[in-house]
Structure formats: structure tokens, C-alpha cells
Amino acid sequence: MSVELLMVEQAGGHRDGAPWILEGGRRLPGMDDRRRIAELRNGLICHAGVRSCIADAPDDEVDRALAELHEHEYLEALRELRGSEPVTMPERAAPGLPPDIPVSAELFSAAREGVRTAISAARQLLDGARYSYALCRPPGHHAGPGWFAGYCYLNSAAAAALTLRDGGLDDVGILDLDLHYPNGTAAIVATMDAVQLHSLHAWPVTNVAARTVTPSSEREHVVEFTGNPDAATYLRAVERSLASLARSSDGLVVSLGYDTVAGDPHGGWSFSPTIFAAVGRLLAATGMPVCVIQEGGYALQTLAACSYAFAAGLLDEARRELREEVAL
């Protein structure tokens, strides 16, 4: 019996890179584009246990998910975008914050394809797969019911969780391991039944006006790290969150950001890419089906090493446990 990771690939996208982002009061060149996906794919596909497939969720399923997760007026405003010229929409900024990214028709289209990819990856779990990986962009966890921010326009992780819940899982856990707080996911999860969220992120929280987080509901748990945590401290926190989620969840959505590694242009921590092998092993040890959704991570020179390490840890631990079960 083999253990596989199904890599679900996003279709389309050629002129949909982020033009710029506002960070720390400065406008910086955008770092989210197709090069990220290419590097992540290079790391994943090295493993014999990784199998590729194309996102194939139908349009009506994508539209139903978006209608449940986002406000009607918000979706209509994005659908009305025309042309390739990016525009800012101050009325669609995250609560209490100035607009930090522009939007265009191409970026909205890419985000919609990202949601299709996330839904397709979740459906793989419903069809019996143990692990799936939505290789999608732009990220989604900062996109709230009626706002976009931080490269995020539509919430792909919430779409995956909704797909799993509506597909028959009684309770779905979301574990967000991106450096930044998932303000959009938290706002959406607060309105969803049978979905809970754990987030491990840096403090102070740059994408929340209060600079710290008050959980949006009793189904949200936050862990904030001051400064630059060491790997052992961080991994113990990941293990505790996974233990909590495993007690009450039938499946897991992992919002996986690689922006915790040293040298990330939007980061500040100094982890080695090898930390993701340990994260993968911890995920496999839960025994839960896992749907990974790609979030941040912008250091192009290390992304392949990050995704390679993650898949290595996930698959090696799962194979070890399988061998032990067979021996018994």
C-alpha cells in the first residue's frame, strides 16, 4: 500500500503578478507571481510519492463556495473589473487599515483559479486521498468576507474547509502556519459551523489595526511569537495545536506559508527550510487526512527546498507508520 501526496496544480495565469504592496508605509515591488509556483513545484515533484493533477472543480461549485464565503457586493465589485490596469479600492481594505495592494481583472481571475485549486484539492480527500496539496496563488488567508489585503483576494483555505464540511466531514480544522495572522480566514470561520482555526504567527500583528489578536470566536485559537522564535519552541507549539485539532476534527486544512524562513522579503524569522520536514512529520503523525493550501513564501531561492523538505517529512513519516501497522 503506497502513500501519495496529490499535488493539485492551478491552471492559467500569465500576466497576473502582483504589481506592488504597501508594507511599513513604503510601496514595495510585488513578490507574488508564477515564479513562486514554479519553484514550489520543483521541490515537490522530486518525490516519487508526489503525483500531479490539474484543478478541475466546476465553475458552479466555485461560485457556490464564493457566494457562501464572501459578500455579494464584494464579489460583484471584483467581477466588474475590466482591463489589466491595477486599481486601489480603499472601501475594500481590511478593517482599520489603509489599502495595501491593488486589484485588476487578471488578479481576480488568478484568485478565482486559486479557489478552484483549493476546492479540487479538498475533493481529493473526500474521494479517499490522505494528502493533497493545492499549489495555488495568490494566497488567500487575508481575504475577508468583504475585503482584500496582503496579496489575498479570495479565501482559498476557507473554500477548502467548506468543501470538506459540506462533503461529509463533521468537523474541520484549519491550521495556519504562515508568518502573518490570517485575519480574513478568522473573520470567515467566525460565521461557519463545524470549522475551527488555529493560527501560529508573529507579533506584533501587522495586518490588524490593534497590532494584537482577539479571537473572533470560541473556535479560534491564536499563538503569537514575539521576536524570532527558535525552531524547537515553534515546533512544540505546532504539535500542541495539532493535538488539540486531532481530538475534535475529522480532517485538516493547512494554510502553509514558507515566509518563516530566513531571507524572506516579507518575513523576519530565520528558520531553515528543513523545519518543514519536521512540520510534515507532525502532520502525518496525527493520522488525519490533510489538505495543504499554499499561502505565503516569497524567497525564490529557497522555496524549492522548503516544499521538498515538507513533502519529505510528510511522506516519510506516513510510510514509517504504515510499515509499523503492517508489521503488527
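**View 1. The largest pocket holds about 720 Å³ of space in this predicted model.** Here a pocket is an open set of points on a 1 Å grid over the protein atoms alone, where a 1.4 Å probe fits and protein lies on both sides within 12 Å along at least five of seven lines. The volume is the space filled by probe spheres set on the points, with grid points joined across faces, edges and corners. Numbering starts from 1 along each chain as its sequence is written. Local features need pLDDT of at least 70 and side-chain atom pairs 80 or more, while totals for chains, interfaces and linings use all residues, and side-chain values use heavy atoms, leaving out hydrogens and water.

**View 2. A look at what lines the largest pocket.** There are 34 lining residues, each with an atom within 4 Å of a point. Closest to the centre sit Leu22, Glu23, His180, Thr206 and Asn207. By class, the lining has 17 nonpolar, 12 polar and five charged residues (nonpolar: Ala, Val, Leu, Ile, Met, Phe, Trp, Tyr, Cys and Pro; charged: Asp, Glu, Lys and Arg; polar: the others, Gly among them). Strands are DSSP E runs of at least two residues, and helices are H or I runs of at least four, numbered from the N terminus.

**View 3. Helix α7 (residues 231-248) meets helix α8 (residues 275-285).** Their axes, lines fitted to C-alpha atoms over the stretch in contact, come within 10 Å and cross at roughly 20 degrees. The two helices are therefore roughly parallel (an angle under 35 degrees). On the α7 side, the contact (heavy atoms within 4.5 Å) includes Tyr234, Leu235 and Glu239, and on the α8 side Ile275 and Leu282. The contact has 10 nonpolar, no polar and one charged residues.

How values were computed: Axes are lines fitted to C-alpha atoms, for helices over the stretch in contact, and angles run from 0 to 180 degrees between N-to-C directions. Angles under 35 degrees count as roughly parallel, over 145 as roughly antiparallel, 65 to 115 as roughly perpendicular and the rest as oblique.
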